[in-house]
Amino acid sequence: MDKQNSKFRWVVFASVLFTYFLMASQRTAPGLITDQVMRDFNVTASTIGLLTSIQFFVYTSLQVPMGILADRHGPNFFLIIGAILTGLGTIIYSLGTHESVLFFARILTGTGDATIWVNMVLILGQWFKVKEFVRLIGIAGMTGSLGFLLATVPFSLLIDFFGWRSAFLSAGILLCLCGLLLYFVLIKKTKQIFVNELVSIKQEVQREKMWILLRRLVSNRQAWALFLCHFGIVGAYVGFIGSWAVPYGMNMYGMTRSDASQLIMIGLIGALIGAPLSSWISSRLETIKRPYVVIHIIILLCWSTFLLFNGNPPLFMLIMLFFIIGFGYGASALTFAVVRQTFPLKESGIISGFANTGGFLSAVLLPSIFGMVLDHFQSASGSAGNGYFYGFITPVIFSLVGLLGVSSIKEKRKETDQSSER
């Protein structure tokens with residue numbers, strides 16, 4: 001019996017996805033307590049924006065190096081360490097007494113978070129056959145959105161009942177326990193079950209010199225189109241929801257924290273629907289680019305609507321905007337469908353990492369830019385409304401960049417796509 005035919009592979013699948021579920025929640029959970037952190041630590045909106053950005057900066061900068069390390073040394077160790085680092089970072093965040101401690105905590109969390117996607121994909125590739133893998137990777141993507149959902153109403157209620165420090169402390173401890181669970185499942189138990197099989201198989205890979213590989217990457221127009229495409233559709237949503245969405249609902253609509261987090265949950269429901277539905281539509285139309293261009297245009301119009309209504313659209317429209325923008329974020333999985341279609345499999349990993357870097361680079365930039373705009377207008381006029389209005393110019397610009405990128409994508413014919421899957 002090998003790994004890909006064993007029932008134990010489903011234990012691996014459940015363990016890895018549960019860990020991803022919890023780790024994903026800690027990307028956006030700090031956005032629930034933005035106002036409390038500003039009050040407790042006496043920091044400005046710019047500081048909060050930088051605090052959010054630094055986590056995404058660490059995540060973004062480690063994507064390509066993590067892929068190289070996982071390929072050469074195996075994914076199990078890095079996923080285990082990543083879960084523990086995310087847990088420790090969350091625990092330190094809950095115990096912080098100074099803003100410098102918060103920055104250190106988010107750096108640890110970002111480092112741990114950077115390990116999850118690349119290593120999860122490699123682990124599932126080891127344990128599942130190709131046909132199973134294609135189906136399950138979609139479920140894995142949806143798990144991240146479910147993690148974001150956890151960081152809305154459920155986690156907000158936990159904060160209301162026990163305080164934000166206790167809520168984050170509990171999440172951190174649970175993540176550390178997940179690291180121990182992964183060690184038991186991926187290493188200890190696997191060695192016991194597959195005693196005659198090497199747990200780690202070194203694959204012979206023709207390794208190019210790094211500078212040659214990077215030079216070819218940065219000179220590829222399709223790679224840059226995917227980078228810009230992901231930059232426009234991912235970062236505006238992730239960056240906003242992870243830092244300013246809850247304060248926006250509270251400041252502009254007088255909502256409670258729980259009410260504002262329900263708006264975020266609507267966006268995340270849109271993301272859950274967006275991934276499978278956009279893939280299904282693309283499959284039916286036998287094209288990725290055309291529906292993806294339409295999605296980018298719709299997202300641009302949604303962000304522009306905030307400007308049209310001076311940063312304060314009617315509540316029913318606000319609910320629709322969050323849902324549609326979330327749908328667009330879920331549809332961002334089409335970026336990697338294009339990668340699979342237009343690049344050979346041996347290069348799909350580094351191209352996917354490059355595209356993902358674009359998405360989270362914009363998630364790094366948006367919170368800080370938004371925070372600086374808020375600080376400027378609040379100090380100049382004392383009006384939060386003006387700050388949010390001008391702040392929404394940033395996601396509009398990012399969406400324009402994304403539309404430029406998706407419009408530059410070149411698709412291959414279906415016959416070529418089918419032959420490349422072998």
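**Cysteines, overall fold and surface**

Cysteine 176 has a relative accessible area of 17%, which is under the 20% limit, so this residue counts as buried. The model discussed here is predicted. Its secondary structure comprises 21 helices and zero strands.

Cysteines
- Cysteine 229 is also classed as buried, because its relative accessibility is 0%.
- A disulfide is a covalent bond between the sulfur atoms of two cysteines.
- Across the whole structure, a search finds zero disulfides.
- Cysteine 176 accordingly takes part in no disulfide; the nearest cysteine sulfur belongs to cysteine 178 and lies 9.2 Å away.

Overall fold
- The protein has 422 residues, of which 53% count as buried.
- Among contacts with a separation of 6 or more, 84% are between residues 24 or more positions apart.

Surface
- The protein exposes about 18900 Å², and carbon and sulfur atoms supply 66% of that area.
- A nonpolar surface patch of about 590 Å² is formed by Ile269, Ile273, Leu277, Trp280, Ile281, Leu285 and Phe323.
- Helix 14, spanning residues 257-285, contributes the largest share of this nonpolar patch, with six residues.
- Isoleucine 269, one of the patch residues, is located in helix 14.
- The relative accessibility of isoleucine 269 is 36%, and this residue therefore counts as partly exposed.

Note on methods:
Residues are numbered from 1 along each chain as its sequence is written. This is a predicted model: local features need pLDDT of at least 70, side-chain atom pairs count only at pLDDT 80 or more; totals for chains, interfaces and linings use all residues. Side-chain values use heavy atoms; hydrogens and water are left out. Patches are made of residues with over 30% relative accessible area and no salt bridge: like charges are joined within 9 Å, nonpolar side chains (Val, Leu, Ile, Met, Phe, Trp, Tyr) within 5 Å. Accessible areas come from the Shrake-Rupley method with a 1.4 Å probe; for residues, only the protein chains shown count as cover. A salt bridge is a side-chain nitrogen of Lys or Arg within 4 Å of a carboxyl oxygen of Asp or Glu. Helices (H or I, at least four residues) and strands (E, at least two) are DSSP runs, numbered from the N terminus. Buried means under 20% relative accessible area, exposed over 50%, partly exposed in between (1.4 Å probe, protein chains only). A disulfide is a pair of cysteine sulfur atoms within 2.5 Å. Contact means heavy atoms within 4.5 Å.
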